[in-house]
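User: Hi! I am new to protein structures and would like to learn how to read one. Could you take me through it step by step?

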Amino acid sequence: MDKETAREIAKDAVQRLAKRLGENATFPFDVIWEYAKTDVPPKLKPARANELINEGYLERTGAVVNASSPGRAGNRGPEYRLGPRFRKQPSTRRGKVTTAGAVRSLEAAMADAGIVITSAELANLYLALLSSPLIILAGISGTGKSKIPRVFAKLMTAEFSFIPVKPQWSDNSDLFGYSPTLNPQQFIEGTLTKTLRAASKQPETLSIVLLDEMNLAAVEHYFSDFLSVIETRRRVKNAILTDPLPLDLPAPDKHDQYSDLRNLGLPSNVRIIGTANMDETTRLFSPKVLDRAFSIEFDEPALTTFAVATRRDYDPSGFHALMVNLLDSSNPVSVDEVFSDSETLFEGIGTLLEEVREILRPSGISFGFRPRNDICIYMYHWQKQDLASVLSPTAAMDWCFLQKILPKLSGTGEALREALEALLTWLNTNETAGNTNPLSVTPLQSRPWRRSADKLQRMINRLEVEGATTFWGT
């Protein structure tokens, strides 16, 4: 049997599945083969998913589910649903591009640039960029952490700055700048200061700064002042402002060539994306860093997926709309700005996190308002941008928990093991049982969160083997 025959068998199987389960069905990929008339050799099965997606037969929901077939029992993988061939498309005004449509086009454009990343993963990155000025892309080497921001910036027609972190950095002088001891009236501008000053003069242009391998040095030593500035973000009328950067500027004179730097803060059109390889050559992140960042991990790339196999036509007209959304000065800086619009959602998120905190309390682990607020704002944007068609409610909440709560868990001892096992049970609690349309569940009823559960199980396994555990490198 050749690949073309396998593809036709898969298409026919999906059509049979659609008739049996209906257009709202969600399922692991291996379910499809249960509806095939002819057996397909195992070696020809993996690549069929991308072909079916490209031809509109399937879409990923962004969630993770258990495999269905006996031979793969216990394995987890992407959740799928029927693609646009099986659904009536809602009517829209001519020329109107939805955020979900733009994200799908972005996935195809990324593939065209040689990057394997799903629309759900891109939606997650996009929501993180809407919610926070600082993103950390962590994981094993060779997964595209440095290339993704570069290509993303190019597609958004954004300014892009590349700053490699050096292991010897022990203060912020390389980033911010300094006044030489022998010439205190001069200021040697740092690489980040140059970028921020340029961005402040082009507020209508997105500026992406890639802080490459940011944990080669202790992040708190060279980045602590910047993290404190991020914390001062606030709305003043229609603008988002921060306190000035603590630059080591000379005292002003009557000509003051540094006047434009004295009140330079973090422009609202700037996003800092740091990459981090988690191995024995790097440092772990402190709570101060984790509280202020979304930590997106790339640790299990789909090795059967090739970018060349996912190339397809796409509409780039929506990329500008994505950038405009990122630059929108009305985007909330704090929860109270949009609380009245999302009161039920926000209070529900708070209740879920209270449950988690009670589970973790015996281990001495807790968390405060920042993670809760970041999750609330992320989910506010998910709802406002109507991204459920590329990132299901389950996937959105799962990623929030994975990126804002689990990175804070680490330690040793029996109390921690018991707390993590209790949390694992909580994550695997099925709140959607009996729902005939899993995509219609609310975010607050969207468990189980399989992606977080898988990560937590690995953390528990490490604790049992090594006597200590951490989120990173697990």
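Analyst: Happy to! Let's begin with overall shape, keeping in mind that this is a predicted model. A compact globule of 474 residues would have a radius of gyration near 23 Å, and the protein chain has 24 Å, so the two agree. Along its principal axes, the C-alpha trace spans about 85 × 60 × 45 Å.

User: What secondary structure does the protein chain have?

Analyst: You can look for 15 helices and 14 strands.

User: How much of the protein chain is buried?

Analyst: A residue counts as buried when its relative accessible area is under 20%. Here, buried residues make up 53% of the 474 in the chain.

User: Now the rings. How many aromatic pairs are there?

Analyst: Two rings pair if their centres lie within 6.5 Å, and planes between the stacked and edge-to-face ranges count as tilted. By this rule there are 14 aromatic pairs. Phe339 and Phe346 make a tilted one, 6.3 Å centre to centre with 50° between the planes. Phe346 is buried at 3% relative accessibility, while Phe339 is partly exposed at 30%.

User: Which parts of the chain does the pair of Phe401 and Trp449 tie together?

Analyst: This pair is tilted too, at 5.6 Å and 45°. Phe401 sits in helix 13 and Trp449 in the loop between helix 14 and helix 15, so the pair ties together parts 48 residues apart in sequence. Phe401 is buried, with 2% relative accessibility, and Trp449 is buried at 2%.

User: Which residues form an aromatic cluster?

Analyst: Find Trp169, Tyr222, Phe223 and Phe226, which form one cluster.

Definitions and conventions: Residues are numbered from 1 along each chain as its sequence is written. This is a predicted model: local features need pLDDT of at least 70, side-chain atom pairs count only at pLDDT 80 or more; totals for chains, interfaces and linings use all residues. Side-chain values use heavy atoms; hydrogens and water are left out. Helices (H or I, at least four residues) and strands (E, at least two) are DSSP runs, numbered from the N terminus. The radius of gyration is taken over C-alpha atoms; the globule rule is 2.2 Å times the number of residues to the power 0.38. Buried means under 20% relative accessible area, exposed over 50%, partly exposed in between (1.4 Å probe, protein chains only). Rings of Phe, Tyr and Trp (its six-membered ring) pair if their centres lie within 6.5 Å; planes under 30 degrees apart count as stacked, over 60 as edge-to-face and the rest as tilted.
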